[in-house]
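Subject: Structure handover

Hello,

Here is the structure I said I would pass on. Please look through it first; my notes on what was found follow below.

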Amino acid sequence: MAVTNEVATPMESLDQLPAALLDTIMTKLDVSSICSVASTCTVFKACAAHILSFIPSFHLLETAPSMELLRPLLPPNPWLKIMKVNCGRLDDSAIQILLQPSLRELCMLNCADFSGKLLSEIGGRCKDLRSLCLGSVAEKRGRAIHISDLEELLSGCTHLEALILMFDVSFSLRHDFARVWALASQKLTSLEIGYISSVMVTELLSPNFKFPQSTNRIQPSILPNIHKLSLSVDYITDAMVGTISKGLTSLTHLDLRDAPLIEPRATFDLTNSGLQQINQHGKLKHLSLVRSQEFLFTYFKRVNDLGLLLLADKCENMESIFLGGFCRVTDTGFKTILHSCSTLYKLRVSHGTQLTDLVFHDISATSLSLTHVSLRRCTLLTNHAVTNLASNKDLKVLDLRDCRNLGDEALRAISTLCNLKTLLLDGSDISDVGLSYLRPGVISSLISLSVRGCKKLTDKCISALFDGCSKLALQDLDLSNLPNLSDNGVLLLARSRIPLLELRMRQCPLIGDTSVVVLASMLVDEERWHGNSLRLLDLFNCGGITQLSFRWLKKPYFPRLRWLGVTGSVNRDMVDALARSRPFLHVSCHGEELGAEQWDSGDDFYMHDYDEMDELEQWLQEGDYESDDEDMVDAENNAEARE
């Protein structure tokens with residue numbers, strides 16, 4: 001009897017699988033992965049369209065979708081609990097799609113084109129929210145937030161436990177502000193505010209503040225259960241610190257940052273007396289006091305060693321301390337903190353202008369087991385300090401940016417830290433030979449490495465780091481501002497096949513078109529990767545970039561690229577055409593730093609197979625990109641005609 005052998009095609013095989021099985025598998029994926037799978041065949045596309053109506057979480061932070069692209073991804077979904085979206089291309093018209101009543105956690109970043117209506121609508125639609133994060137609301141000209149919008153938000157979301165408002169909330173009269181915040185959820189334990197005046201904070205939390213038009217009515221206890229408070233203010237003052245420390249009895253995390261526009265007067269500044277008031281209830285575990293240099297080179301000039309001695313008396317249970325801008329504190333003050341906090345594992349000091357090696361001279365004799373150390377712009381430190389710090393073998397993060405006296409001996413000490421994940425050495429005096437000390441031990445564990453502005457480094461630093469190394473975990477490499485780094489160094493980097501996600505080479509005068517061509521052709525993994533793995537490439541102000549580079553920045557090259565930094569003056573038409581041809585690519589030509597450090601990176605590192613183009617774009621746009629590629633060709637032709 002003749003037997004007919006019939007081999008089922010992949011499509012027929014998939015059709016025979018139960019739809020419930022496919023749904024179950026795809027619900028385990030993030031949104032980008034769902035879109036990637038959907039672009040492969042009609043069966044998966046139909047399945048993706050179905051499961052988007054009942055997936056429990058929706059994360060889309062890497063790209064900023066337009067309203068047209070977002071609509072098919074967010075059908076009505078009564079099971080949706082978590083949403084995190086980059087709203088850089090959205091406005092109030094997206095409110096109805098985004099604000100689904102079932103949400104428990106909502107994060108909306110880059111909301112500059114939204115008005116205050118967003119706040120009031122959240123309060124009206126999302127009654128069951130537990131966590132809310134809003135960034136840059138109404139920062140675009142013509143947009144405004146009214147106190148009534150905040151009032152509806154706080155009165156409507158009665159179950160809020162965590163609230164992050166990363167914008168200026170000092171848009172109302174002070175008495176209205178206190179009245180509205182009295183409506184906040186009693187369950188609120190974590191609060192972060194992008195900007196608020198110190199006077200408002202003091203009056204808001206003062207137990208003696210009365211509402212206007214009333215001689216007897218004392219405001220109810222506001223924010224009684226706050227554990228974590230993070231504020232950016234105009235001035236950190238004794239009055240504000242004292243009010244916070246006294247009024248918030250459950251406080252475990254306190255993060256205060258100011259950026260004065262003018263030099264603070266004595267009554268609007270932090271002094272030794274203010275430090276003495278911190279941690280009155282003894283529950284504080286994490287403390288951060290930072291004076292930013294954003295607008296003015298200014299410091300906490302009224303705090304000295306005595307202030308830190310007074311603080312140390314109440315810091316024995318501290319686990320994390322960040323002190324920025326304490327220019328009059330010497331080794332005595334900093335050393336007292338180290339020896340008083342036996343459970344400290346995170347230490348950060350910035351602009352410690354009088355901090356020297358002596359602070360860490362006998363650190364090995366303490367019981368400290370530091371895992372995170374940042375000593376940015378502590379310019380008096382030398383190799384000896386790093387040698388002593390290296391006795392903490394569990395160090396995972398070491399930030400030594402702008403410590404200019406550090407050299408190769410510091411790297412020799414760092415080479416013993418086999419658990420190190422992040423190493424930042426910007427502006428130090430290290431050489432190619434010094435970097436070779438990191439191989440093979442430390443370089444195999446590093447995820448992030450920055451040698452920005454280390455002037456002695458040459459192309460040989462790439463070989464010094466990566467020769468003979470395989471299966472590295474390195475994802476983020478910063479080679480910016482290296483005057484001797486050339487295209488030859490990038491060629492060596494490409495040959496190493498390191499699956500980098502972020503590469504910064506801004507302000508490198510010898511980097512040119514060859515580097516872009518090499519990176520575009522780079523094969524990371526012959527079995528899985530087709531093309532380059534980079535999500536971020538910063539080439540701002542690189543001397544040799546011409547219009548040739550833009551041809552290699554088009555699809556299908558750099559399929560995963562989400563952030564690109566270039567110099568707009570090279571060819572503005574080419575930059576604009578590139579941005580139009582890749583709507584999911586953020587093209588920056590003004591020199592701003594790129595990246596998504598402020599975003600939730602918990603689901604950023606999914607591994608996909610990428611072919612000629614990004615599947616998220618393919619599934620959403622269904623081939624609409626061809627006309628944009630024609631724009632790139634027109635821009636190239638125009639550029640050649642001008643030449």
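Asp 402 lies in the loop that runs between strand S13 (397–399) and helix H16 (408–414); helices (H or I, at least four residues) and strands (E, at least two) are DSSP runs, numbered from the N terminus. This is a predicted model, in which local features need pLDDT of at least 70 and side-chain atom pairs count only at pLDDT 80 or more, while totals for chains, interfaces and linings use all residues. Residues are numbered from 1 along each chain as its sequence is written, and side-chain values use heavy atoms, with hydrogens and water left out.

The phi of Asp 402 is near 65°, a positive value in a residue other than glycine. Asp 402 counts as buried because its relative accessibility is 18%; buried means under 20% relative accessible area, exposed over 50%, and partly exposed in between (1.4 Å probe, protein chains only). Asn 481 also has a positive phi, near 55°, and is not a glycine either. Asn 481 sits in the loop between strand S16 (476–478) and helix H19 (487–496), and with a relative accessible area of 26% it is partly exposed. For background, most residues other than glycine have a negative phi.

The chain as a whole

The chain has 24 helices and 20 strands. Of its 643 residues, 54% count as buried. Taking contacts (heavy atoms within 4.5 Å) between residues at least 6 apart in sequence, 76% join residues at least 24 apart.

The core

A nonpolar core is a set of buried Ala, Val, Leu, Ile, Met, Phe, Trp, Tyr and Cys residues joined through side-chain atoms within 4.5 Å. The largest one here has 184 residues, and those with the most contacts inside it include Phe 58, Trp 181 and Phe 360. Helix H4 (residues 42–51) gives the most to this core, with 5 residues. Leaving aside neighbours within four places in sequence, Phe 360 is in contact with Leu 338, Leu 347, Leu 355, Leu 375, Leu 381, Ala 385, Asn 388 and Leu 389.

Helices H7 and H8

The axes of helix H7 (residues 117–125) and helix H8 (residues 147–156) come within 7 Å and cross at roughly 20°. Axes are lines fitted to C-alpha atoms, for helices over the stretch in contact, and angles run from 0 to 180 degrees between N-to-C directions. H7 and H8 are therefore roughly parallel to each other, the term for angles under 35 degrees. Lys 117, Leu 119, Ser 120, Ile 122 and Gly 123 in H7 meet Asp 149, Leu 150, Glu 152, Leu 153 and Gly 156 in H8. The residues of this contact divide into 4 nonpolar, 3 polar and 3 charged (Ala, Val, Leu, Ile, Met, Phe, Trp, Tyr, Cys and Pro count as nonpolar, Asp, Glu, Lys and Arg as charged, and the others, Gly among them, as polar).

Leu 150 also has its C-alpha atom 9.2 Å from that of Phe 177, 27 residues apart along the chain. Phe 177 is in helix H9 (residues 174–181) and is buried, at 1% relative accessibility.

Helices H10 and H11

Helix H10 (residues 198–205) and helix H11 (residues 238–247) have axes that come within 9 Å and cross at roughly 30°. Ser 198, Val 201, Thr 202 and Leu 205 in H10 meet Ala 239, Met 240, Thr 243 and Ile 244 in H11. This contact has 5 nonpolar residues, 3 polar and no charged. H10 is mostly covered, with 6 of its 8 residues buried.

Regards

Conventions
Parallel < 35°, antiparallel > 145°, perpendicular 65-115°, else oblique.
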